[in-house]
Amino acid sequence: MAAPRVTMEVGNDGVAIITLINPPVNALAIPIVAGLKDKFEEATSRDDVKAIVLTGNGGRFSGGFDINVFQKVHGAGDVSLMPDVSVELVVNLIEDCKKPIVAAVEGLALGGGLELAMGCHARIAAPKTQLGLPELTLGVIPGFGGTQRLPRLVGLSKAIEMMLLSKSITSEEGWKLGLIDAVVTSEELLKVSRLWALDIAARRKPWIRSLHRTDKLGSLSEAREVLKLARLQAKKTAPNMPQHQACLDVIEEGIVHGGYSGVLKCLLLLRAPEFDLYEAKVFKELVMLDTSRGLVHVFFAQRATSKVPNVTDIGLKPRGVRKVAVIGGGLMGSGIATAHILNNIYVVLKEVNSEYLLKGIKTIEANVRGLVTRGKLTQDKANNALKMLKGVLDYSEFKDVDMVIEAVIESVPLKQKIFSELEKACPPHCILATNTSTIDLNIVGEKTSSQDRIIGAHFFSPAHVMPLLEIVRTERTSAQVILDLMTVGKIIKKVPVVVGNCTGFAVNRAFFPYSQSARLLVSLGVDVFRIDSAIRSFGLPIGPFQLLDLAGYGVAAATSKEFDKAFPDRSFQSPLVDLLLKSGRNGKANGKGLYTYEKGSKPKPDPSVLPIIEECRRLSNIMPGGKPISVTEKEIVEMILFPVVNESCRVLEEGIVVRASDLDVASVLGMSFPSYRIVTFSKLVWSGGIVFWADAVGANYVYTSLKKWSQLYGNFFKPSRFLEERATKGIPLSAPVSSSSTSRARL
C-alpha cells in the first residue's frame, strides 16, 4: 500500500485542488497532517492560486484522525506524539487563510475530517454523505475545533446531540441545518466546489469563518439552560464517562468567551477551574485517561474479530445468502427473523402449528413496529421488511434456502431430529446453523452426514437488538461456511466473533460462574438485592438476580444442568432456582420473581421471597459456623467477577477464542460488560472487556484472592492453571497463548 500523502494540483482557473490520499477512509495520519500544512502554506504563497478546494481521494473525504496514533500514545505513555491540528492547521492555515477554501465532501466526513471541513469557508457535499463527530465513543472530545464550530453551524441543541450521542447525519440533513452549503451529484462535486471558491474570492458569495458566527447560539441564558439539561442527561446516561462533561465544558467556554477563546481556553477535565488549558490539551488529557484506553482497545479488538486464521486469509470469497429459514418463532427465533428482514434478507419462518406460527409473526411485526415508534425505522422501510417474511408449517419452502437457523428449545433429541430432516429438505450448499447457547455442536449434528455445514449462530436476546453474533465452529465445519456466516453477520449489522466448540462456547462458558457465584454468596448469607446493587454500581446494566428473573427460571435450570454436567469439579449447585420454581415463580415471564414487575415502573425487590432464600441457605448449609459472612461491596463484585476471569483463563488456554481481545469484545457486546472507565469503591479502573479489565486489576491480585476464597469456601474458587502460571510469572492474561497450548486449541 502506498504511503499516506497529500497532493495539490493548480488548474488554469487558479483553483488549487488539495487531495487527501490515505485509503480506505483517508484517515488523518501524522504524515497527512504534515502534508496538509505544507500544501496549504504552498497554496497560500503562490501567486497563481486564487482559491483552494480541499477534498479526499476515492469517493471519501476523511474518516477522521488516525486512531492508530492513540494506540501509540497509550503504549508509549507519551502524549507529545499527538500533533497540533486545532490551532496551527485548522485556525491559522485554513480558517484564517487569505484565500477562500471550500471543502468538497463525499462519502463521509467524520471526526477530524468534519472538523477540517468546518474550518473551510464553505462546504459542498455529494448526496448521502455521512457527517458526524463520534470522538466521545473513544473517550475523547472533538479536538480540532469541532466543539466550537458545530454549534455555530447547526445550533447548540443539535450540536450537543450529535457530539454526546456520536450521532451522524446525512449531507441532505446537513444542508437543511446549515452545515452544508449545497448538495450536488458526485460528478459535479469538484466543478461546483471550484466555482464556489472563485465566487467567494470575487465576493459573489459570502466568505464565512464559522468560528466567528453567533447567530445560531441564542442568548447566553438560553444556551446555559440547554447546557444544564445536557449535563443532567449525560450524568444519567454516561455517569462514569468524563469526556461528556468535558465536552460540555469546552462548548460553554466558547459560548461565554467567544469561539476563538473556546478553541484556546477551556476548563480542565473533571471540573478543576484553577487550570487554564487549550482545547487541544483537554483532548490530550482525555486521550491519556483510562476511559480512552478501554474504548480504544475495544475499537481495535472489534476490528480484529474479522481476521480468522485459515478462514479469512486463504483466498475464499463469501457466497451470497439471499434466503434464510428460521425454525422456531419464539423469543429468539422471532428476533433472528427480524434481524434478517430488516436487512433485506428473505425469511421463511417455520413453526409446528398455526397458533405458534401466528404468535411468532405477530412478535416479528411488533419488533418492527417498535423500531418505527422509536424513530429508528421509517414506515416505508418497515412495510418493505415485513414483505420479506413468510410463515410455513412444513419444509416445502426449504428447497432453495441458503441458510437455516434452528432456534427451538434446548432439547438434544429435538435438535438432532430437526437437523436430520434439514439435511434432506435443504439444498446441498445450505448452511445448517443452530442458535443453541450451550449444547455441544457435535452432539447436535451427530446423526447427519453434513458435519462440514453445521455451525453455531448464537445470537443474544433480543436478537434484533443485541450486536454480538457468536459463530461456533466444530473441527469439521468448513472455512467457506464460517466465512459465509461472518458475512451475513455483518450484513445484519452484528459483530461476528468466531469461537470454538464446547459447552457454553466462549461467552456463556466464561460467564457461567457469574450466576453461580452470586447464588453461592446468597447461600453464604449475603443479601440478594445488595449483590445486584453492587454489580450495577460496577457498571453492568442489571445484577445477576434481575438477569435471572429476565431469563426465566426454566432456562436457568436447563443451562445450569448442562454446565454442572460439563464442569462438575467447579460448579456450585444451588437449590435457589428449584425452590423458586416450586413456589410458582418464573421471574418476569409470569410477574413473580425475586422482584415485582408493574407496568410503567422499575422492578422492585419482593420481600415475600425472603423465606425462600432462607430455605435455600438452610439446604445449602455452607455458612461458616451457621452465620452469614461479612463482605464489602468491593468483595461482592470481586467474588462474582473473579471466577469469570478464572473461567476466561481456561477459555484462553483451550483456544476457544482466536485471541484474548475476542473475548473482550464478546463480553462487552454479549454480556454488556463495561467498555469504559468505571468508578468502583472510590477507585478508578478501566474496563475494555473482561480480560483487559483483569489485566488492569492485576492477574496476581485475582489469583491470590481466588486462592484465599478456595481455602475458605471450596473448589468453586480454585484458580486455574493458566491464571496461576500467568500470575506467578508476571505475564499479562491477554498475552498470546504459548505454541504448546495453541496446538491443543479448538480453533
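**Figure 1. Surroundings of His244 in the predicted model.** Leaving aside residues up to four places away in sequence, His244 touches Leu136, Leu164, Ala234 and Ala238. The model shown here and in the following views is predicted. His244 belongs to helix H10, which spans residues 242-257. With a relative accessible area of 8%, His244 is buried, because the cut-off for that class is under 20%.

**Figure 2. The aromatic pair of Phe642 and Trp693.** The ring centres of Phe642 and Trp693 are 6.0 Å apart, and their planes meet at 50°, so the pair is classed as tilted. Phe642 is located in helix H26 (residues 633-653), whereas Trp693 is located in helix H28 (residues 690-697). The pair therefore ties together parts of the chain that are 51 residues apart in sequence. Both Phe642 and Trp693 are buried.

**Figure 3. The aromatic pair of Phe716 and Phe717.** Phe716 and Phe717 form an edge-to-face pair, with 5.1 Å from centre to centre and 85° between the ring planes. Phe716 has a relative accessibility of 9% and therefore counts as buried. Phe717 is buried as well, its relative accessible area being 0%.

**Figure 4. The aromatic cluster that contains both pairs.** One aromatic cluster is formed by Phe538, Phe642, Phe673, Trp693, Tyr701, Trp709, Tyr713, Phe716 and Phe717. Among its members are Phe642 and Trp693 as well as Phe716 and Phe717. The structure as a whole holds 17 aromatic pairs.

**Figure 5. The protein chain as the setting of the close-up views.** The protein chain comprises 31 helices and 23 strands. Along the principal axes, the C-alpha atoms fill a box of roughly 85 × 65 × 55 Å. Of the 747 residues, 57% count as buried. Among contacts with a separation of 6 or more, 72% join residues 24 or more positions apart. The accessible surface of the chain amounts to about 31200 Å², and carbon and sulfur atoms contribute 53% of it. The chain carries 90 positive and 75 negative charges, whose mean positions are 2 Å apart.

Terms used: Residues are numbered from 1 along each chain as its sequence is written. This is a predicted model: local features need pLDDT of at least 70, side-chain atom pairs count only at pLDDT 80 or more; totals for chains, interfaces and linings use all residues. Side-chain values use heavy atoms; hydrogens and water are left out. Helices (H or I, at least four residues) and strands (E, at least two) are DSSP runs, numbered from the N terminus. Buried means under 20% relative accessible area, exposed over 50%, partly exposed in between (1.4 Å probe, protein chains only). Contact means heavy atoms within 4.5 Å. Accessible areas come from the Shrake-Rupley method with a 1.4 Å probe; for residues, only the protein chains shown count as cover. Lys and Arg count as positive and Asp and Glu as negative; His and the chain ends are not counted. The place of a charge is taken as NZ of Lys, CZ of Arg, CG of Asp or CD of Glu. Rings of Phe, Tyr and Trp (its six-membered ring) pair if their centres lie within 6.5 Å; planes under 30 degrees apart count as stacked, over 60 as edge-to-face and the rest as tilted.
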